[in-house]
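Hello,

Here is the structure I promised to pass on. Please open it first; my notes follow below.

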Amino acid sequence: MDHFAEYMVQKHPNTQDRLKQGLILAAAVILSVVIGAIALITGWIFLMVLIMGVIYGAYYLISGCSTEYEYTVTNGELDVDKILGRRKRVHLLTVSISKCTAFGAYTDEIPDQPQATLFLCSDNTGEGAYYVEASTEEYGEIRLIFTPNEEIISTMALFLPAPLRRQFQ
């Protein structure tokens, strides 16, 4: 029987994301005002098309700042994809769940793994965060911090090594 579960999490914008969006908006407003003033002075009405292009460009860039993460568990493999602006999907990593060395709720008491590659794929709230430590062919030792739902956790628990599976029974 195939086991499949997927969950999508939207990353909450942080201060850096808001600053980037504000700067894009400010640049679009300033550029539109300058082009509009030039159009009024010179009488070149076709510059209004350029203003519409600036407004669309600002919309495109601001909407591209939204980030979502999709977690998919399929027959013992966890795939994590990053979706940018709801138009571009980037595959981040694939982890064989049977090769996990640690899995559980993420707290500040979890010791750091300086040799591991860190993947932070959560919603930025810190609530309900879990971590997975495993070995992959592409990145070596990794630590994934993510915010799965109960379906993802229960599906992953089916494929965890026995010592890790006991904590989810």
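Helix H3 (residues 150–157) lies across S1, S2 and S3. Its direction is at about 140 degrees to S1. Keep in mind that this is a predicted model.

The sheet under discussion is open and has four strands, in the order S1-S2-S3-S4. The pairing is antiparallel. Strand S1 (4–10) and strand S4 (88–96) are the edges, each pairing on one side only. From one strand to the next, the twist averages 15 degrees.

Now the pairs. Strand S2 (residues 67–74) and strand S3 (residues 77–84) are joined by eight bridges. Threonine 72 has aspartate 79 in S3 as its bridge partner. Tyrosine 71 stands opposite valine 80 in S3. Valine 80 in turn has leucine 93 in S4 as its bridge partner. S3 and S4 are antiparallel too, over eight bridges.

Both connections are hairpins. Between S2 and S3 there are two residues, and asparagine 75 in that turn has a positive phi of about 45 degrees. Between S3 and S4 there are three residues; here glycine 85 in the turn has a positive phi of about 60 degrees.

Next, charges. The structure holds five salt bridges. Three of them are worth a look:

- Aspartate 17 with lysine 11, at 3.3 Å from N to O. Aspartate 17 has 11% relative accessibility, under the 20% cut-off, so it counts as buried.
- Aspartate 81 with arginine 89, the closest N and O atoms being 3.1 Å apart. Aspartate 81 counts as buried, at 11% relative accessibility. Arginine 89 is partly exposed, with a relative accessible area of 48%.
- Glutamate 133 with arginine 143, at 2.3 Å from N to O. Glutamate 133 lies in strand S7 (residues 130–136) and arginine 143 in strand S8 (residues 140–146), so the pair ties together parts ten residues apart in sequence. Glutamate 133 and arginine 143 are both buried.

There is also a network: Glu70, Asp81 and Arg89 are joined by salt bridges that share partners.

Last, the surface. Which residues form a nonpolar patch there? They are Tyr56, Tyr59, Tyr60 and Leu61, with about 480 Å² of accessible area together. Leucine 61 sits in helix H2 (residues 47–63). Its relative accessible area is 49%, which makes leucine 61 partly exposed. Patch residues need over 30%, so leucine 61 passes that cut-off.

Best regards

How values were computed
Residues are numbered from 1 along each chain as its sequence is written. This is a predicted model: local features need pLDDT of at least 70, side-chain atom pairs count only at pLDDT 80 or more; totals for chains, interfaces and linings use all residues. Side-chain values use heavy atoms; hydrogens and water are left out. Patches are made of residues with over 30% relative accessible area and no salt bridge: like charges are joined within 9 Å, nonpolar side chains (Val, Leu, Ile, Met, Phe, Trp, Tyr) within 5 Å. Accessible areas come from the Shrake-Rupley method with a 1.4 Å probe; for residues, only the protein chains shown count as cover. A salt bridge is a side-chain nitrogen of Lys or Arg within 4 Å of a carboxyl oxygen of Asp or Glu. Buried means under 20% relative accessible area, exposed over 50%, partly exposed in between (1.4 Å probe, protein chains only). Two strands pair if DSSP finds at least two bridges between them. Axes are lines fitted to C-alpha atoms, for helices over the stretch in contact, and angles run from 0 to 180 degrees between N-to-C directions. Contact means heavy atoms within 4.5 Å.
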